[in-house]
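Biologist: I'd like to learn how to read a model like this one. Could you walk me through it, one feature at a time?

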Amino acid sequence: MDNLPEISCDLLVIGSGITGMAAALFAANLGIDTVQVGRAGELGFASGFLDLLGVHPVEDGRIWDRPFDGIGALVAEHPRHPYAFLDKKDIQSALSGFVSFLAAHGLPYYTEPGKNLAMITPTGTLKTTYAVPATVQNGVRALAEKASCLVVDFHGLKGFSGRQIVETLDKTWPNLTTRRISFPDTSGELLPEHMALSLESPECRAQLAGEIAPHIHSAEYVALPAILGMYRPMAVFEDLQKQLNRPVFEIPTMPPAIGGLRIKAAFEKALPRLFVRTHYQQKITAVDKQGRNGFRFDVGRDHLRRVITAKGAILASGRFIGGGLTTDRKSVRETLFNLPVFQPVTRSEWHQKSFLDPRGHPINRFGITTDDQWRPLNNNRHPAIPGLFAAGSILAHQDWVRQKCGAGLGITTAFAAVNAFQRFISG
Amino acid sequence: MSILNTPGSCQPPIHTQVLIIGAGVTGAGLVRDLTLRGIGCILVEQKDLTAGASGANHGLLHSGARYIKSDPASAVECRKENHILKKLAPHCIDTCGGLFVAVAGDDEKYIADFPQLCAQSGISARAVDLADAREMEPALSDRLIAAYAVDDAAIDPFRLTLDNIAQAVDKGARFFRFTRVTGLTVKQSEITAVHLVDTRTGREYTVRAEIVVNAAGAWADQVAAQAGISIPMIYSKGSLLVTQSRITRRVVNRLRLATDADILVPGGTVSILGTTSVRTETPDNIYPEIEEIDHIIEEGAMMIPVLETTRYIRAYCGVRPLVGDANSGDDRKVSRGYALIDHTRDHVDNFITITGGKLTTYRFMAEKAANLVCQRLGIDPACQTCTEPLPASTDGQWTEPGLAPHQWMKQNDPTDLLLCECEMVSRHTVDQIIRNMGRLNITPTLEAIGLRSRVGKGPCQGAFCSQRLTAHLYDRGVFKKNEGIVNLHQFLSERWRGQHPLLWDVPLIQAQLQEAMHCGLFGLELNDPKGQPDKPGAGGGPSGRVNA
Ligand SMILES: Cc1cc2nc3c(=O)[nH]c(=O)nc-3n(C[C@H](O)[C@H](O)[C@H](O)COP(=O)(O)OP(=O)(O)OC[C@H]3O[C@@H](n4cnc5c(N)ncnc54)[C@H](O)[C@@H]3O)c2cc1C
């Protein structure tokens, strides 16, 4: 291992989901010398909506219009929820920092200050969220107004049916109609990613607009599955709006969806320009704690194998999907540092017997416990490893899926963990 | 087959010669047997086909060797029926053969007695050299100490049930699904009216039958109680696990006195490991419990070590009705033989119960029950099912693993999208299934389509295909209003029953993706169509089993 190429930095961000991306961004903003390692696949499962807090208590299914009120109620009842370590000002700075970064890189978001938004999903349900891509904004308005709207879907795009949306929303939004069309120059199966890339070309857009236009009739809005461009969605979106002469909006598709991929693409392009040295699609194979001098990580394989030494690290490796936590038949483990994982004794306590049990599954609240400085704790409730911080979904005592707080949790705890690291390194 | 519908509303009672309660394999075998003897029948089932033990068993066509010591009479019945079914219903059977193997530490005396006991029951058991055995089945443990080859086979209980009913219906029998028996009126030692309810519409009506046969499996005691008759019964739950791929070519049994987790049965592209024997209070609301699952894996791994690390895609459980003494300690000692009860003994002269037994001996049980029915009717037509081949209906074919992908690749039409990517079930296949169901007047719910195809049975366990299929069913005009949400709730809940004990490693990740999509994005848990917290359903449901 001695003659491997060596990279040294102050901070290693472990993970490339929304939390890892946010941590790398916030660290770069503070001028911290940062390296990021991650598998870079996780964002493919994100819808691109940024949830802050939608539901609490989950067992009652109570939906909050004002997320900060919801957070207040949540942390009063669950003082170990990660949000309990954050104040409103930090949450707001984190979110606005994240959203303005995306805006500056071609992905503006729409929010209503202090409020949650409601938007429709491909199953015809309503989703509560905090911020939506600007390409979705008209949908929020159209839904609120119950305006007449044409939902366009495509031959060959599976899992997205205009009829499903129209039928299911029948009572809530009677003014919906739908039309199935062919995507320009294609037959057979369509993937949102390919459609999005095709639409970056003006010819394809013109053809698409030509296909849609005859079906609009008196509809005030036109809705499409989220396929309006990958790298330049605003240009695609605005051009289509102009050609159709109607406000347009996107409805998210089932994963893998464009919303998350756009965020990923924006970060992958921008972070290196902020001097973050990124190593995606690389795995950390070994960690060595060298006491006060920090960490030594063995990263990658074969000719990409190298050593990264860092003064500190932010663990944003996610849960089971991201690979930060793993399970065997008996227990849950943290994969990199073998940190203690908050969990019950037996597997019989991991899940409810009913999938949609309103209480949620206990396993979703297992994870890493930290102190208020985001330092993972050992079994004696002391910081386990000097210089190590944790953020995002790997944290215990939250259920982001049911509480509808995934992106918010990732972004805000990344922000706070970076600040804690900054204090650590300078103090 | 247009007679497969529900009868008119509380009109005058419907008349029939025989009414059979329960469309498990026993009721199915009986309706065919009686119909082929020219007797008019109505078969009623409270849920769908194979909703009970017939949809939640191991799928082993026993050679009989398992019962040589504990129940020699059953052993002989199995041997005979094994032979008959292989001849008459070959399309339902994989004649893969079977092995009995012992590992170091197993009871030496039982091993030594095995060939002799088999011979006494006329069962063929051929000693296999240990090295040969491991060559035949490389997954076997290297701690093998004995091996015998027997005539075990794998049988598809769903197809078997379906084909029995299909032939009967073709020949004039009537079959009412989602029709529960709610009461039996007894007057002067006779059942004069059978009260039925259509569980989907709530409509009630009655049937007048010369003979009523109770083939309600583990619910037979509840049905008999409606006629004021008590049948002492123990419910013994058994749980099973489905592996992601087929581990052995043959059935592999542990060579020891029958106990937990000692059989691995191939089911097409998968293998099924089981089972347990756990007493339950009722035959409903049963789950494969985590402790059982772990026990099955640990025991199974002694015979076939890879069972410790292999990936499991599903667990399910069923209930064996053991008729007999509820005070016996070990349920395996209560006879697994069948119970044929002539309720003349209880002073109800036109009522018969046939329950217990095995899938393997279903035809034999049906024959015996039909003989008794004929005796009561005072007629004497000969049994046909012991010589007449069972015709294959087209309905069952999509449950066969591999058939859907084969069709899809053969036709290779680029516009025919795969709705279920794991099991390669395409839009055309689904459309064909929907059409078939339409002909039979069956509502195509996600669950019903899942029962008739391999949709949702692959590694993703329905997480993705459920929404793709739902979208497609809206496109086809099958689903209206919020039926998609209702169906997603039902389908995912039913699938979960079999997933939840197996959630570690990769399957856990799948479950997390499923929740992220269906709850995180769609908010299904907040959109309960019943307007009340999601409650677990009843019974070991039809999709409790991989129809392999
Ligand atoms: C775990 C397990 C593993 C097994 N493995 C094997 C094996 O490998 N090989 C083998 O040969 N045998 C096996 N068996 C046994 C075999 O499954 C059963 O013997 C067989 O399926 C019984 O069929 P049945 O029709 O009698 O009962 P069931 O299949 O239980 O059918 C009874 C039906 O009656 C219906 N019903 C109940 N009450 C009413 C009512 N009031 N109105 C209308 N309908 C009603 C139920 O819904 C149900 O569909 C196994 C059993 C279990 C539990």
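Biologist: From which domains of chain B does the shell around the ligand draw at least three residues each?

Modeller: Some ground rules before the answer: this is a predicted model, where local features need pLDDT of at least 70 and side-chain atom pairs count only at pLDDT 80 or more, while totals for chains, interfaces and linings use all residues. Residues are numbered from 1 along each chain as its sequence is written, chains are lettered from A and ligands numbered from 1 in the order in which they are written, and side-chain values use heavy atoms, with hydrogens and water left out. Now the answer: domain 1 (7-53 + 158-232 + 337-377) and domain 2 (60-155 + 234-323) each give at least three residues to that shell. The domain bounds come from an automatic or database domain assignment.

Biologist: How many residues surround the ligand, and which are the closest?

Modeller: A residue is near a molecule if one of its heavy atoms lies within 4 Å of it. Here 35 residues surround the ligand, and the closest are B:Thr26, B:Glu45, B:Ser54, B:Leu60 and B:Thr360. By class, 14 are nonpolar, 17 polar and 4 charged. Nonpolar covers Ala, Val, Leu, Ile, Met, Phe, Trp, Tyr, Cys and Pro; charged covers Asp, Glu, Lys and Arg; the others, Gly among them, are polar. Helix H1 (25-36) and strands S10 (179-187), S13 (233-243) and S18 (312-323) of chain B each supply at least two shell residues. Helices (H or I, at least four residues) and strands (E, at least two) are DSSP runs numbered from the N terminus.

Biologist: Which backbone atoms lie 3.0 Å from a nitrogen atom of the ligand?

Modeller: For a polar contact, look for a pair of N or O atoms within 3.5 Å; within protein, one must be able to donate a hydrogen and the other to accept it, and residues adjacent in sequence count only if both atoms are side-chain atoms. In this case, a backbone N or O atom of B:Val181 lies 3.0 Å from a ligand nitrogen. A ligand oxygen is 3.1 Å from a backbone N or O atom of B:Leu359, and an oxygen atom of the ligand is 3.3 Å from a side-chain N or O atom of B:Asn57. The protein covers 95% of the 1,000 Å² of accessible area that the ligand has on its own, by the Shrake-Rupley method with a 1.4 Å probe; for residues, only the protein chains shown count as cover.

Biologist: How many aromatic pairs does a search of the whole structure find?

Modeller: Rings of Phe, Tyr and Trp (its six-membered ring) pair if their centres lie within 6.5 Å; planes under 30 degrees apart count as stacked, over 60 as edge-to-face and the rest as tilted. The search finds 18 pairs over all chains. One of them, A:Tyr221 with A:Phe249, is edge-to-face, at 6.4 Å centre to centre and 65 degrees between the planes. A:Tyr221 is in strand S9 (residues 221-225) and A:Phe249 in strand S10 (residues 248-251) of chain A, so the pair ties together parts 28 residues apart in sequence.

Biologist: Are A:Tyr221 and A:Phe249 buried or exposed?

Modeller: Both are buried, where buried means under 20% relative accessible area, exposed over 50% and partly exposed in between (1.4 Å probe, protein chains only).

Biologist: Where is the cis peptide bond that has omega near -10 degrees?

Modeller: That bond runs from A:His56 to A:Pro57. A:Pro57 sits in the loop between strand S2 (34-38) and helix H2 (67-77) of chain A.
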